Amino acid sequence: MTKNDEAINQIRKIRHIISQENGHNPDKFVNYYIELQKQYPHLIQYKEQHTKVLESASQQGIEAEA
């Protein structure tokens, strides 16, 4: 992955648009994401699953990328 990766550039553009829609206000920006989490709780499972994978890898003596 490079700084000029097209997928990363698209994500940055989308994040900028979301920030702009929230007046580049960090509190509003965070609240926007909190509301999304409330609307779509079934989609926000990454942290719990990721933590389980890391714990399992650690128990097996495998170094996992965070």
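Buried means under 20% relative accessible area, exposed means over 50%, and partly exposed lies in between. With those cut-offs in hand, here are legends for a set of close-up views of this predicted model.

View 1. Welcome to the overview: the chain has 3 helices and 0 strands. Read from the N terminus, its elements follow the order α-α-α. Of the 66 residues in the chain, 6% are buried. The chain exposes about 6200 Å², and carbon and sulfur atoms supply 53% of that area.

**View 2. Helix α1, from Asp5 onward.** This helix covers residues 6-21. At its start, a side-chain oxygen of Asp5 comes to within 3.0 Å of the backbone nitrogen of Ala7. After the helix comes Gly23, with a positive phi near 65 degrees.

View 3. Is His24 buried, exposed or partly exposed? Its relative accessibility is 46%, so His24 counts as partly exposed, because that class takes in values between 20% and 50%.

**View 4. Ser19, a buried residue of helix α1.** Ser19 belongs to helix α1. Its relative accessibility is 17%, so Ser19 counts as buried. Leaving aside residues up to four places away in sequence, Ser19 touches His24 and Phe29.

**View 5. Asn22, a buried residue of the loop.** Asn22 is placed in the loop between α1 and α2. Which class does Asn22 fall into at 15% relative accessibility? Asn22 counts as buried, because 15% is under the 20% cut-off. A polar atom of the Asn22 side chain lies 2.8 Å from the backbone oxygen of Ile18. Setting aside residues up to four places away in sequence, Asn22 touches Lys28, Phe29 and Tyr32. Phe29 is also among the residues that Ser19 touches.

**View 6. Helix α2, from Asn25 onward.** This helix covers residues 26-39. At the start of α2, a side-chain oxygen of Asn25 reaches to within 2.8 Å of the backbone nitrogen of Asp27. The same ruler check works here: the 14 residues of α2, at 1.5 Å a residue, should span 20 Å, and its end C-alpha atoms are 20 Å apart, which agrees.

**View 7. The salt bridge between Glu35 and Lys38.** How many salt bridges does the structure hold? There is 1, and it joins Glu35 to Lys38, with the closest N and O atoms 3.5 Å apart. Side chains of opposite charge can pair when their charged atoms come close. Both residues lie in helix α2, 3 residues apart, about one turn of the helix. An α-helix has 3.6 residues a turn, so residues three or four places apart point the same way. Glu35, at 42% relative accessibility, counts as partly exposed. Lys38, at 59%, counts as exposed, because its value is over 50%.

How values were computed. Residues are numbered from 1 along each chain as its sequence is written. This is a predicted model: local features need pLDDT of at least 70, side-chain atom pairs count only at pLDDT 80 or more; totals for chains, interfaces and linings use all residues. Side-chain values use heavy atoms; hydrogens and water are left out. Helices (H or I, at least four residues) and strands (E, at least two) are DSSP runs, numbered from the N terminus. The expected span of a helix is 1.5 Å times one less than its number of residues. A polar contact is a pair of N or O atoms within 3.5 Å; within protein, one must be able to donate a hydrogen and the other to accept it, and residues adjacent in sequence count only if both atoms are side-chain atoms. Buried means under 20% relative accessible area, exposed over 50%, partly exposed in between (1.4 Å probe, protein chains only). Accessible areas come from the Shrake-Rupley method with a 1.4 Å probe; for residues, only the protein chains shown count as cover. A salt bridge is a side-chain nitrogen of Lys or Arg within 4 Å of a carboxyl oxygen of Asp or Glu. Contact means heavy atoms within 4.5 Å.
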